[in-house]
Amino acid sequence: MILVATASAAFLGGIAYVPPGAGVYAWDEIDGWSDTLSSEWDGWIRPPLTAEAGWVGSRHAILGHLAIVEWSTSSWAESEHHFSVGGLRLGADWRGYVWPREAAKVNIWPTAGLYGTIPNSFETDSGWNTEEQAEADEDSRDRRARVGGLGLQAGLGFEYPFPDKEGRPGVILGARWLARGFSGLDVREEQTEWSILVASEAALLLEFSR
C-alpha cells in the first residue's frame, strides 16, 4: 500500500535538531560511556544535527538516514601498529499523514522506524606474536559488541509546508516527538551486560520537498 501511495512521490529531505540536555552530564557522572567514542551510548554517532532523505506522497513518506564514526591510528617504530574502531548507523522511518499533504496547511503524522549500528574494530601489530594478536582480536571483538546494536522508535510529528511557485509544499517547518528503544551489549573483561535504553526525544525539523 505504501509503495503504491509513493509511486508518484516527490523527494523529501531535511535536517532534525535535537538540543543536548542535562542527560549528557548525568551520563558522564555514572560513567555510562562505551570507551569507543562510536556507539549509540556515546553521542558521536548521533550528533544534535542529523540529516534524512527519502520520498513523500500525499499520505505516506519513507525516509532513510545514516551516520558514520571511524577512529583510526597508525604508527611506525620498531613495529607497524594499526588500530581502528567505529560504526555505521543505518535507519529507516515511515510517516503516515492524517490528511492529504497541502501547502499552507498544518498536518500531523505518526511515525515509526528501525535503526541499527554495524560495528567495526581491529588492531594489529607486526611485532606481536600469535598469542598477543589473539588477545588483541578478542579486545576488538569486545569493542564491536559495545558499538553494535539495534533500535526501534515511534512517535508523532506535525508540519507546516510553505508553498513553492507552483503552490506545492516547498520549505517545511515542523517538529516531532519520539520514544526510542535501543538494545546493545557492554562487554568488559570481567562480565558481559545486555542493556536496553528507552528514552524520549523531541526535535525541530527543517525540510524541503521537490
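The largest cavity holds about 50 Å³ of space. A cavity here is a set of points on a 1 Å grid over the protein atoms alone where a 1.4 Å probe fits but cannot get out, with lining residues having an atom within 4 Å of a point. Its volume is the space filled by probe spheres set on the points, which are joined across faces, edges and corners. The model is predicted, so local features need pLDDT of at least 70 and side-chain atom pairs pLDDT 80 or more, while totals for chains, interfaces and linings use all residues. Residues are numbered from 1 along each chain as its sequence is written, and side-chain values use heavy atoms, without hydrogens and water.

The structure holds 1 cavity of 30 Å³ or more. Among the residues lining the largest cavity are Glu 52, Asp 93, Arg 95 and Trp 109. Two or more lining residues come from each of β4 (80–96), β5 (107–125) and β7 (169–187); strands are DSSP runs (E, at least two residues), numbered from the N terminus.

Turning to the core, 10 residues make up the largest nonpolar one, including Leu 12, Leu 63, Trp 109 and Ile 172. Such a core joins buried Ala, Val, Leu, Ile, Met, Phe, Trp, Tyr and Cys residues through side-chain atoms within 4.5 Å, buried meaning under 20% relative accessible area, exposed over 50% and partly exposed in between (1.4 Å probe, protein chains only).

Most residues other than glycine have a negative phi. Leu 37, however, has a positive phi of about 60°, and Ala 104 one of about 65°. Ala 104 lies in the loop between β4 and β5.

Definitions and conventions:
1 Å grid on protein atoms, 1.4 Å probe; cavity = no way out; pocket = protein on both sides within 12 Å on 5 of 7 lines; lining within 4 Å. Helix = DSSP H or I, 4+ residues; strand = E, 2+ residues; numbered from the N terminus.
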